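Please keep the sequence and the structure at hand while reading.

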Amino acid sequence: MPFKEGFLWGGATAANQYEGGWDEGGKGPNASDAMTNGSHTSPRQVTWRDTVTGETGAVPVFTVCEQGLAESREIAVVDGYYYPSHVATDFYHRYAEDIALMGEMGFKCFRLSINWARIFPNGDDAEPCEDGLAFYDAVFDECAKHGIEPLVTLSHYETPLHLVNAYGGWKSRALIDLFVRYAESVMKRYRGKVRYYLTFNEINMMSMGSFMAGGLIDGSPEAKAQGAHNQFVASALTVKAARAIDPAIKVGQMLAYSPVYPYSADPADDLLAMERQHEALWYADVQVGGYYPSYRLKEMERRGIELEMGRDDLELISTYPADFLSFSCYGGSTVSVRQQELEAASGNLALGMVKNPYLEANAWGWATDPYCLRIALNTLYERYRKPLWIVENGIGWADEKEPDGSVHDAYRIDYLRKNIQSMKDAVEIDGVDLMGYTMWGCIDLVSAGTGEMRKRYGLVYVDRDDEGNGTLERSRKDSFFWYQKVIATNGEDLD
Ligand code: BG6
């Protein structure tokens, strides 16, 4: 058996893309509630209001940090825009139905995020919101009914909006204590119900998607470095708190990680690939390894970045590293020093990447890479020697529902089959210690990068379109039945 007994097969979601009920049950707005829809060709925007003139407007999410906002402006939900997170695919009202579908597929694990602003509506409130806490109680009870273990992300692009506007997001050290208080409230409340937590989704997105990952409006290298550092300290303190609350709790890091391939055999391409790897790996060196690596220290020195440090920060980071390393991996990325002469890769965060001629891509430029998981698992396991967990992997596609409700998504089955085979090889051939696999977006949800519904990842189709029309009715895709069989055979039968 390649996969150990109790291997955590399942699916992954995030509150801001799935939950909806954005202003119900006492929840406050979070940063992604102010993000509009977009598409592959037009970027998502984040909206603002001028506190002096009342004027409103929008700037692209991926450049808001670089552009900054005038001092009188704050990020806000305003009239005249469509915000896909507000209803998303309505897990808030349909959790029982959805968890039953997961149970039917045989899920052992369900990754979801707790919406921080559902527990602390402003992020700095004196007391947690009881309605918010009760909602997740009901969700976890439903999971238990179906024998499903929850894996909870504490912050998946969901910084409470007040913390963005009043504190400047994770740039401020004040967020460390606010986050730890939130994490402690949650871990205490769900003691015995939730054993696995991740602190920050794709923590290394602080570098490229700083508004989403860190609630930053300031895109300076100093702000990004400080934002990441503050999250490392908050993670270490969360590990410390978990030990005190319940030693059975395991807290993991969550990294966006994919192998970086040199386009050619030119050693200069290989060197570039190594540098690109470093851009992600230093985050794991700190949060899992417990130390700032030399190449990152040197880079900060060259750029004149000085961190605002607490006296115990480095000790906390080395004493309380993450218990395991989880990561998202959709496919490798390819780089070349001859980038200008080559076709650029598309895809959300493909800046500086070139198209890989050996891989076939979907309509958004994301490719099916049959070896990425094996390569990624080997790199990470050899480097950190900690248990690994693939918490995101999958392919977005504009699925079509047939009149009889069926969805024939052979392309998704092909993608998942190749990827699962690749992780199976890492376990069987290379002996990597793998805890689980939660494929991304198990029930259709909003795309984080584009805000679209039509970029679907699910095994379950949800009737909802890019303008917010549709019944939200669920139907099983062909991949639903295929994955059910994979789980039932513990990964033996991938046909
Ligand atoms: C990861 C994120 O980057 O990729 C998810 O953690 C996201 O939130 C997923 O949805 C897929 O990206 P996209 O842009 O296709 O939704």
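A nonpolar core is a set of buried Ala, Val, Leu, Ile, Met, Phe, Trp, Tyr and Cys residues joined through side-chain atoms within 4.5 Å. The structure shown is a predicted model, and its largest nonpolar core has 138 residues, with Trp-9, Phe-211, Phe-327, Met-423, Tyr-437 and Tyr-483 making the most contacts inside it. Helix α10 (residues 221-245) supplies the largest share of this core, namely eleven residues. Another core, of ten residues, lies apart from it and includes Leu-8, Leu-151, Tyr-196 and Leu-198.

**The closed barrel**

- Eight strands form a closed barrel in the order β1-β5-β6-β7-β8-β10-β12-β13, with parallel pairing, and the twist from one strand to the next averages 25°.
- Strand β8 (residues 250-256) pairs in the parallel sense with strand β10 (residues 324-328) over five bridges; within this pairing, Ala-256 stands opposite Ser-328 and Leu-255 stands opposite Phe-327.
- Helix α10 packs on the sheet, where it touches β6 (149-155), β7 (196-200) and β8, and its direction makes about 160° with that of β7.
- Helix α11 (residues 267-289) also packs on the sheet, touching β7, β8 and β10, with a direction that makes about 170° with that of β8.

- Strand β1 (residues 8-12) is largely enclosed by the rest of the structure, because five of its five residues are buried.
- On one side of the pairing pattern, β1 and strand β13 (residues 434-440) run parallel over five bridges, with Gly-436 in β13 as the bridge partner of Leu-8.
- Strand β1 is also joined by three bridges to strand β5 (residues 109-113), again in the parallel sense, and Gly-11 stands opposite Phe-110 in β5.
- Trp-9, one of the residues with the most contacts inside the largest core, is in contact with residues that include Phe-107, Cys-109, Ile-420, Met-423, Tyr-437, Tyr-483 and Val-486, when its neighbours within four places in sequence are left aside.

**Strand β10**

- Strand β10 is mostly covered, with five of its five residues buried.
- Phe-324, Ser-326 and Ser-328 point one way from β10, whereas Leu-325 and Phe-327 point the other way, and all of these residues are buried.
- Strand β10 also pairs in the parallel sense with strand β12 (residues 388-392), over four bridges, and Trp-389 in β12 is the bridge partner of Ser-326.

**The open sheet**

- A separate description applies to an open sheet of three strands, which has the order β3-β2-β4 and antiparallel pairing.
- Why is one side of β3 (56-60) and of β4 (73-75) left without a neighbour in the sheet? Both strands stand at the edges, each with a single partner strand, so one side of each has no neighbour there.
- Neighbouring strands of this sheet are turned by 35° against each other on average, with direction ignored.
- Strand β2 (residues 45-50) and β3 run antiparallel and are joined by five bridges, with Val-59 in β3 as the bridge partner of Val-46.

**Helices α14 and α15**

- Helix α14 (residues 372-384) packs against helix α15 (residues 410-428) at an angle of about 35°, with the axes 7 Å apart, and the crossing is right-handed.
- From α14, Cys-372, Leu-373, Arg-374, Leu-377 and Asn-378 meet Asn-419, Ser-422, Met-423, Asp-425 and Ala-426 in α15; the residues of this contact divide into five nonpolar, three polar and two charged.

**Two residues in other helices**

- Val-486 is found in helix α16 (residues 478-488), and it counts as buried because its relative accessible area of 0% falls under the 20% cut-off.
- Tyr-295 lies in helix α12 (residues 294-303) and touches His-278, Leu-281, Trp-282, Asp-285 and Arg-383, with residues up to four places away in sequence not counted.
- Tyr-295 and Gly-449 are 154 residues apart in sequence, and their C-alpha atoms are 30 Å apart in space.

How values were computed: Residues numbered from 1 in each chain as written. Predicted model: local features only at pLDDT ≥ 70, side-chain atom pairs only at ≥ 80, totals over all residues. Heavy atoms only, no water. Buried < 20%, exposed > 50% of the residue type's maximum accessible area, 1.4 Å probe, protein only. Pairing = 2+ DSSP bridges. Contact = heavy atoms within 4.5 Å. Axes fitted to C-alpha atoms, helices over the stretch in contact; angles between N-to-C directions. Left-handed = near helix turned anticlockwise from the far one by under 90°. Nonpolar A, V, L, I, M, F, W, Y, C, P; charged D, E, K, R; others polar.
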